[in-house]
Amino acid sequence: MRQTYRPDGGDRTDLVVGIQGLAPYWFEVDAAAFLSTKGELTARAEAEYDQRITNRWIVQPRAEVVLSAEDIPELRVGSGLSSLQVGARLRYEFRKEFAPYVGLEWTKSFGNTADFLEADGRSSEDTRFVVGIRTWF
């Protein structure tokens, strides 16, 4: 189950079915399908790969696609391929459990999703610089 709260009142509850694992050639894959209580079907798939430069420095290319079975105007999502995100992160593992990173992500929206964004005065293409900490225990 997934519950999304939005300030504009577009709250959603979804049934989620997903799979996560290691694909051939050590690609980490995460895919999920979402069916909302309003009958809207969407999906997301992402893949990433850890390329070691040294024992501590790691480059992680990643890609994500978002799909929708129908237009969802209140969420500004169009049918078909909604968006593609491609990026890379460079991290330094002080320990396996603690690794700060920097990265660059490029996002492109397609079809009606791009039309919704442009109608709102926003761009359908975006590049972001990201900074974060990867941690687990």
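Modeller: Aspartate 14 counts as buried, with a relative accessibility of 5%. Keep in mind that this is a predicted model.

Biologist: Why is aspartate 14 called buried?

Modeller: Buried means under 20% relative accessible area. Aspartate 14 has 5%, so the label applies.

Biologist: What makes arginine 2 partly exposed?

Modeller: The relative accessible area of arginine 2 is 31%. Partly exposed lies between the 20% limit for buried and the 50% limit for exposed, so arginine 2 falls in that class.

Biologist: How do you know that arginine 2 and aspartate 14 form a salt bridge?

Modeller: The closest N and O atoms of arginine 2 and aspartate 14 are 2.9 Å apart. The cut-off is 4 Å between a side-chain nitrogen of Lys or Arg and a carboxyl oxygen of Asp or Glu, so the pair qualifies. In general, side chains of opposite charge can pair when their charged atoms come close.

Biologist: Why do you say that this pair ties parts of the chain together?

Modeller: Arginine 2 lies in strand S1 (residues 2-4) and aspartate 14 in strand S2 (residues 12-23), so the bridge joins parts that are 12 residues apart in sequence.

Biologist: How many salt bridges does the whole structure hold?

Modeller: The search finds 14.

Biologist: What makes the contacts of arginine 62 with glutamate 48 and with glutamate 105 salt bridges?

Modeller: For glutamate 48 and arginine 62 the N to O distance is 3.1 Å, and for arginine 62 and glutamate 105 it is 3.7 Å. The limit is 4 Å, so both pairs meet it. Glutamate 48 and arginine 62 are both buried, and glutamate 105 is buried as well.

Biologist: Which strands do these two bridges connect?

Modeller: Glutamate 48 is in strand S4 (residues 41-48) and arginine 62 in strand S6 (residues 57-68), 14 residues apart. Glutamate 105 is in strand S8 (residues 98-109), 43 residues from arginine 62. Salt bridges link Glu46, Glu48, Arg62, Arg89 and Glu105 in a network.

Biologist: How do you know that S4 pairs with S6?

Modeller: Two strands pair if at least two bridges are found between them. S4 and S6 have seven and run antiparallel, so they pair. Alanine 45 stands opposite valine 65 in S6.

Biologist: What makes S3 and S4 a pair?

Modeller: Eight bridges join S3 to S4, and the strands run antiparallel; at least two are needed, so they pair too. Glutamate 28 stands opposite glutamate 48 in S4. The hairpin of S3 and S4 has four residues between the strands, and glycine 39 there has a positive phi near 85 degrees.

Biologist: Which residues lie nearest the centre of the second largest pocket?

Modeller: They are Glu28, Glu46, Glu48, Gln60 and Arg62, out of 16 lining residues. The volume of this second largest pocket is about 230 Å³.

Biologist: What is the volume of the largest pocket?

Modeller: The largest pocket holds about 870 Å³ of space. Of its 33 lining residues, Arg6, Val66, Leu75, Val77 and Ser83 are closest to the centre.

Note on methods:
Residues numbered from 1 in each chain as written. Predicted model: local features only at pLDDT ≥ 70, side-chain atom pairs only at ≥ 80, totals over all residues. Heavy atoms only, no water. Buried < 20%, exposed > 50% of the residue type's maximum accessible area, 1.4 Å probe, protein only. 1 Å grid on protein atoms, 1.4 Å probe; cavity = no way out; pocket = protein on both sides within 12 Å on 5 of 7 lines; lining within 4 Å. Points joined across faces, edges and corners; volume = space filled by probe spheres on them.
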